[in-house]
Amino acid sequence: MRKLVRTLLSGMLICVTLCGCGGGDISAKSETYIEKTVFDDLNKFNVTSDTLNNGKWDKKISNTKSGDNISPELTWEAVEGADRYVVIMIDGAWLHMDVFTTETSLAEGAIKRGSRGDQYVGPYPPSGTTHTYSVFVFALKNEMGKTPLFFDGGGNSIDLIYQKLNVDIDGNEGNVIAYGRLDGNYTNKD
């Protein structure tokens, strides 16, 4: 019996080591990885991307010498009761994308640097470093209030962004009904 338990535990440890912490997580989290959020207990849905491979974002999405600064392809499950979705890409406290949409996918390169709710600037960590870029897709019941999200700037946190999204345009709380998350690393080799 002990041998069976040891074998099972060893197998689980190998799986966690090779595959990350389960559920499609990245295996090597950088110092900018967002460990916990105030909304962890919300309903969750799946988010996928063809521009994320083995826990690493393709260099074409980066805003570096070797990148093209094109937004990643993203697809997520439809959420019952959702009127719209907000897509956020954040590097710890730095907001790289905010997209407001009624669709359940974004084509690669669809989002450029633009006005509120349609903005993207690719990863650009300091040369020689790796940062974790997390995509959060929030399903909203209604339009959010007019509070700015401070695009392409520090001083953000995913918890603060969630709090802003959770209040609708009429001032009602409880606007976020579910979320999806996708994490990937980008290493700047330039």
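How many aromatic pairs does the structure hold? There are 9 aromatic pairs in this predicted model.

**Stop one: two phenylalanines**

Select Phe39 and Phe136 and show their side chains. Their rings form an edge-to-face aromatic pair, with 5.8 Å centre to centre and 85° between the planes. Those are the two quantities to look at, since a pair of aromatic rings is described by the distance of the centres and the angle of the planes.

Now colour by chain position. Phe39 is in the loop between α1 (2-19) and β1 (43-44), while Phe136 belongs to strand β10 (residues 130-140). They are 97 residues apart, so the pair links distant parts of the chain.

**Stop two: across to Val87**

Val87 is buried because its relative accessibility is 0%.

What does Val87 touch, once residues up to four places away in sequence are not counted? Phe136 is one of its contacts, along with Val135 and Val137. The list also has Leu74, Trp76, Met97, Asp98, Val99 and Leu106.

Trp76, one of the Val87 contacts, takes you onward. Trp76 is the bridge partner, in β5, of Val47. Switch to cartoon and pick out strand β5 (residues 74-76), which is joined to β2 by 2 bridges, the two running antiparallel.

Which order do the strands take in this open sheet? The order is β2-β5-β8, 3 strands with antiparallel pairing. At the edges stand β2 (47-48) and β8 (105-106); each has a single partner strand, so one side of each has no neighbour in the sheet.

**Last stop: a loop**

Finally, select Asn166, in the loop between α2 (158-165) and β11 (176-187). Asn166 counts as buried because its relative accessibility is 13%, under the 20% cut-off. Leaving aside neighbours within four places in sequence, Asn166 is in contact with Asn172, Glu173, Gly174, Asn175 and Val176.

Note on methods: Residues are numbered from 1 along each chain as its sequence is written. This is a predicted model: local features need pLDDT of at least 70, side-chain atom pairs count only at pLDDT 80 or more; totals for chains, interfaces and linings use all residues. Side-chain values use heavy atoms; hydrogens and water are left out. Rings of Phe, Tyr and Trp (its six-membered ring) pair if their centres lie within 6.5 Å; planes under 30 degrees apart count as stacked, over 60 as edge-to-face and the rest as tilted. Helices (H or I, at least four residues) and strands (E, at least two) are DSSP runs, numbered from the N terminus. Buried means under 20% relative accessible area, exposed over 50%, partly exposed in between (1.4 Å probe, protein chains only). Two strands pair if DSSP finds at least two bridges between them. Contact means heavy atoms within 4.5 Å.
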